[in-house]
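Dear colleague,

Please find below the structure that I am handing over to you. My findings follow directly after it.

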Amino acid sequence: MRAQYILAAIALLLASCAGIFPAPQTPAQAVYEAKAAFLVALRTADDYAALPRCPAQPVCSDAATIAAIETAAKAAQASLDAAQAVVTDSSLRNGD
């Protein structure tokens, strides 16, 4: 339960920062910005996974939550890699 609160807080933090940066001008820029945000989320997930497993400490990580994060991260990585392949494909540079 505590992990869900942490993830919700991170999502709110990222959403609040959305208005600070200008909108991407190209699809490639949007993909690169998404990959950068993904790496920030991965770093946070790694920090969470490094915590002792529950219920060992007052601040701990749940094994099921870590497994769910890993599954979601793999799916997000595959999606971002596919998006990058599309926006860097030279045959699609004319707005196709």
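A disulfide is counted here when two cysteine sulfur atoms lie within 2.5 Å of each other. Such a link is a covalent bond between the sulfur atoms of two cysteines. Please bear in mind that the model is predicted.

By this rule, the count comes to one disulfide. The bond joins Cys54 to Cys60, with an S to S distance of 1.9 Å. That distance falls within the cut-off of 2.5 Å, so the pair qualifies. The link of Cys54 and Cys60 is right-handed, with 90 degrees about the S-S bond.

Are the two cysteines buried or exposed? Cys60 has a relative accessible area of 8%; because buried means under 20%, Cys60 counts as buried. Cys54 stands at 36% relative accessibility and is therefore partly exposed, as this class covers values between 20% and 50%.

As to the chain as a whole, three helices and zero strands are present. Read from the N terminus, the order of elements is α-α-α. The chain has 96 residues, and 14% of them count as buried; Cys60 is one of the buried residues.

The accessible surface of the chain comes to about 6900 Å². Carbon and sulfur atoms account for 65% of that surface.

Finally, I looked at contacts along the sequence. Among the contacts in the chain with a separation of 6 or more, 54% are between residues 24 or more positions apart.

Yours sincerely

Conventions. Residues numbered from 1 in each chain as written. Predicted model: local features only at pLDDT ≥ 70, side-chain atom pairs only at ≥ 80, totals over all residues. Heavy atoms only, no water. Helix = DSSP H or I, 4+ residues; strand = E, 2+ residues; numbered from the N terminus. Buried < 20%, exposed > 50% of the residue type's maximum accessible area, 1.4 Å probe, protein only. Contact = heavy atoms within 4.5 Å. Areas by Shrake-Rupley, 256 points an atom, 1.4 Å probe, with all protein chains shown as cover.
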